[in-house]
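Hi everyone, thanks for making time.

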Amino acid sequence: MSILANVDPAIAGIIGREEQRQRSTIELIASENFTSAAVMQATGSVLTNKYAEGLPGKRYYGGCEFVDEAENLATSRARELFGTEHVNVQPYSGAIANMAGYLSVLKPGDPILGMNLAHGGHLTHGSPVTFSGQVFDAHSYGIDIESERIDYDEVLRLAKEVRPKVIVAGSSAYSRVIDFARFREIADEVGAIVMADIAHIAGIVAAGLHPSPIGQAQITTTTTHKTLRGPRGGMIMADAEHGDAVNKTVFPGLQGGPLMHIIAAKAVGFREALQPSFKEYIQNVLANADALSESLQEHGLRIISGGTDNHLMLVDLRPNDISGRKVQRLLEEAGITANRNSIPNDPRSPFQTSGIRFGSPAVTTRGFGVDEMKTIGRWIAEIVQTPDDEEQIARIREQAEAMSAAFPLPGVTDRDLQT
Ligand SMILES: *Cc1c(COP(=O)(O)O)cnc(C)c1O
């Protein structure tokens, strides 16, 4: 880092301050995590210099013998991790993996059916502000307003009405198990393809603690940086029938040269996820999410669907008459990072929202356990219930910093603070 500090002190300073922010705050954003030092080292390697359009053994550039080895390791480890017949590790992000999934089997204007954004779906599942809602004829299913879970009979009814060519099964803010087998039954009934998007739960699926979509969904997309804890990026898996179409859609359909440094880092992340310690990590992620959800409820907050089966939960702030935006800001002042989120039938705008989302993957990587989660749940409830108590926020900030200081920041613990 001293080289960077000499060449570009402004950026070196920013990185140092961001490192200090990560070190001193409690990270509850459900889609974030801390990679290992090994993953980070691969992302910062000479592989960033290399052009390698095409696939291993079939590149359009010379000098690819070593990056070929890296990509082959990434794909073989991904196959072992998920048991998929086909995988492409080149998508730059989860959003691009989804675009590749759609364009492998759809033409512009084709109907798709995905989860409503306000009910937990992702922007790329048909929102009109993204390509998915602009290029395709997008329809959505939501959760049942009583049970606050996916109503599969309703999905079937909508599928019969809409006749989608793709049904998207996956979400960003749904805390319950997703029944991929049921999605496949529904899709088969209307002649659709299932595209599972496991961006959030990939690590839980890899650890065998959430039912896998592999064998059910014809196409499965994911990010590699959320619960899977690899570098920031995407990946797309497919059954043998759709493998070729997926490859051609990723390149040359959508992308240019693959990010070989990131692909090498994906291989490192997959290797880590194949170790028995990763399953232990995911067990702790689930236990911590459950402890946080229980604590929030004990202290009077309402959790959508009454709890969580995975790594995240959504708090319904309507009973507290406070917006998600305000809670997000107050928590940030108290040293706790989270993101506001719409809730089903939200009376507030997507900018204000009536919900806030919490997740356990990042703090669990740091080493936080059930005791810390219970304490954090109490702090959050105190802030939501008496938002104008500034002394309380200052006190919690001090305690949150002390709690963070007790757990080293993964990936950078052996380096001195760079400022
Ligand atoms: C995060 C997420 C994505 C997008 O991933 P990016 O890498 O941010 O593009 C796609 N789908 C779901 C369900 C997600 O949660």
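Okay, one term before we start: a pocket here is an open set of grid points with protein on both sides within 12 Å along at least five of seven lines. And keep in mind that this is a predicted model.

The largest pocket holds about 850 Å³ of space. Its lining takes in 24 residues, and the ones closest to the centre are Glu18, Gln22, Thr35, Met40 and Val412. Which elements give two or more residues to that lining? Those are α2, residues 9-24, and α3, residues 37-43. Helix α2 has the largest share, with 5 residues. If you sort the lining of this pocket by class, you get 9 nonpolar, 8 polar and 7 charged residues.

Now, the second largest pocket. Here we have about 540 Å³ of space. There are 22 lining residues, and nearest the centre you'll find Leu117, Leu123, Ser172, Asn339 and Asn341. Strand β14, which covers residues 339-341, gives the most to this lining, with 3 residues. By class, the second largest pocket has 12 polar residues in its lining, along with 5 nonpolar and 5 charged. And where does this pocket sit relative to domain 1 and domain 2? Both domain 1 (40-273) and domain 2 (276-405) give residues to the lining, so the second largest pocket lies between them.

The structure has 3 of them at 30 Å³ or more. The largest cavity has a volume of about 80 Å³. Among the residues lining the largest cavity are His119, Glu148, Tyr174, Ile304, Met313 and Pro344. That lining divides into 8 nonpolar, 3 polar and 1 charged residues. The largest cavity also lies between the two domains, because domain 1 (40-273) and domain 2 (276-405) both give residues to its lining.

Last stop: the second largest cavity, with a volume of about 60 Å³. It is lined by 13 residues, and those closest to its centre are Ser171, Tyr174, Ile178, His200 and Ile201. By class, the lining of the second largest cavity has 5 nonpolar, 6 polar and 2 charged residues.

Methods: Residues numbered from 1 in each chain as written. Predicted model: local features only at pLDDT ≥ 70, side-chain atom pairs only at ≥ 80, totals over all residues. Heavy atoms only, no water. 1 Å grid on protein atoms, 1.4 Å probe; cavity = no way out; pocket = protein on both sides within 12 Å on 5 of 7 lines; lining within 4 Å. Points joined across faces, edges and corners; volume = space filled by probe spheres on them. Nonpolar A, V, L, I, M, F, W, Y, C, P; charged D, E, K, R; others polar. Domains from an automatic or database assignment. Helix = DSSP H or I, 4+ residues; strand = E, 2+ residues; numbered from the N terminus.
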